[in-house]
Amino acid sequence: KRRLSDQQKSRIDKNQQQLIEDYQNNLTGPEIRQSIVVSHQSRIASILDEDNKTIPAIMRQSIGDIACGDKVLWQTNLEDQASVLAILPRDSTLEKSHNTGKKKLVAANLNQILIVIACEPEPKLELLDRYLIVAQNAHIKPIIILNKVDLLDDIDDYYQRIGLDTYQQLQYPIINASAKTGGGLEDLYNLVSKKSNIFVGQSGVGKSSIIQSLVPDRDVQIGRLNTSLHGRHTTSMTVLYTLQHGGEIIDSPGVRDFGVWHMDTKEIENGFIELQPYLGQCKFSDCTHIHEPECALKTAVEKGKIKPARFDSFMSIINR
């Protein structure tokens, strides 16, 4: 991969910005069009053409990182091959990281993040907390979906048993759903319609089954799109689907973990909304909330203002 000099990068960025400004001011010709990224692999992106059909497009090296949900400018050459010319400014981004701290762009221009959990497999609430941290800092509305409720005899009892009632008390929206029976899916469709959404969650929670019910005309279970010039398919990629009445759903691969190593202490603190009244109230400004006396957070836990499980999750993430 050829490295670009700082001068080349600056010139390329300036040219792309000028192209975007010209397009927004209707100064470009009809050959420059806008589309949305459906998926991508390596330097090939799948975008939607004017007929809402998925076509492969080459991404120029100068484009930089691209994400599912990105709005792009593109054109075709004499051989009728599409090329992505520029990425339009993003309203929001969803990022995760590995333990090296290296960030990975997951999706762009999101309104909502739908965090799917299920009674089988048992929810990992620290993983749920990591999603909520990222959503809070990215200003993306989180919605929790409890799938497979048809397997439960008493939903309220289950909430209390696993601690989901805590999130309910914190006023996070929670939808009880069953991809098997269809329960809750109509309400879910109304929530995601005309918005840009991403569905996330650990493997096995039934995320793709829920999405399949929302876009019945698409084969979500396969989760594959043509992203090469030769028709080769790939699996385990993030994929966007358009909704019949407007809006998009992005299906991301099931994960075991969702890293927030790229986030600093203040960002993680910001992700635990119930901590906000007590931050900065500890006796010592450098309080670690472990052994220091007069720790405002530990006092709030003792008084029942902060749930012990959420405090433990916060401490586990902050001391990763």
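Two strands count as paired if DSSP finds at least two bridges between them. Strands are DSSP runs of E with at least two residues, helices are runs of H or I with at least four, and both are numbered from the N terminus. By this rule, β2 and strand β3 (residues 54-59) pair in the antiparallel sense over 5 bridges. The model is predicted, so local features need pLDDT of at least 70 and side-chain atom pairs count only at pLDDT 80 or more, while totals for chains, interfaces and linings use all residues. Residues are numbered from 1 along each chain as its sequence is written, and side-chain values use heavy atoms, with hydrogens and water left out.

The pairing of β2 with β3 belongs to a barrel. Here 5 strands close up in the order β1-β2-β3-β5-β4, with mixed pairing. On average, neighbouring strands of this sheet are turned by 55° against each other, direction ignored. Strands of a sheet pair through backbone hydrogen bonds, either parallel or antiparallel. Strand β1 (residues 33-41) and strand β4 (residues 71-76) run antiparallel and are joined by 4 bridges. Within this pair, S35 stands opposite V72 of β4. Helix α1 (residues 6-24) packs on the sheet and touches β1, β4 and β5 (82-87). Contact means heavy atoms within 4.5 Å. The direction of α1 makes about 95° with that of β5. Axes are lines fitted to C-alpha atoms, for helices over the stretch in contact, and angles run from 0 to 180 degrees between N-to-C directions.

Strand β1 also pairs with β2, antiparallel and over 4 bridges. H40 stands opposite A45 in β2. The hairpin of β1 and β2 has 2 residues between the strands, and S42 takes a positive phi near 55° there. In the next hairpin, β2 and β3 have 5 residues between them, and N52 has a positive phi near 65°. The bridge partner of I44 in β3 is I58.

Strand β2 (residues 44-48) is mostly covered, with 5 of its 5 residues buried. Buried means under 20% relative accessible area, exposed over 50%, and partly exposed in between (1.4 Å probe, protein chains only). In a regular strand the side chains alternate between the two faces of the sheet. Both faces of β2 are covered: I44, S46 and L48 are buried on one side, A45 and I47 on the other.

A further hairpin is formed by β6 and β7, with 5 residues between them. Its strands, β6 (residues 93-97) and β7 (residues 103-108), run antiparallel and share 5 bridges. E95 has L105 of β7 as its bridge partner. In the turn, G101 has a positive phi of about 90°.

Two helices also meet. The axes of α2 (residues 125-138) and α9 (residues 308-318) come within 10 Å and cross at roughly 70°. They are therefore roughly perpendicular to each other (65 to 115 degrees; under 35 is roughly parallel, over 145 roughly antiparallel, the rest oblique). Helix α2 contributes E126, D129, R130, L132 and I133 to the contact, and α9 contributes R310, S313, S316 and I317.

Rings of Phe, Tyr and Trp (its six-membered ring) pair if their centres lie within 6.5 Å; planes under 30 degrees apart are stacked, over 60 edge-to-face, the rest tilted. The pair of Y131 and F258 is tilted, at 4.6 Å centre to centre and 40° between the planes. Both Y131 and F258 are buried.
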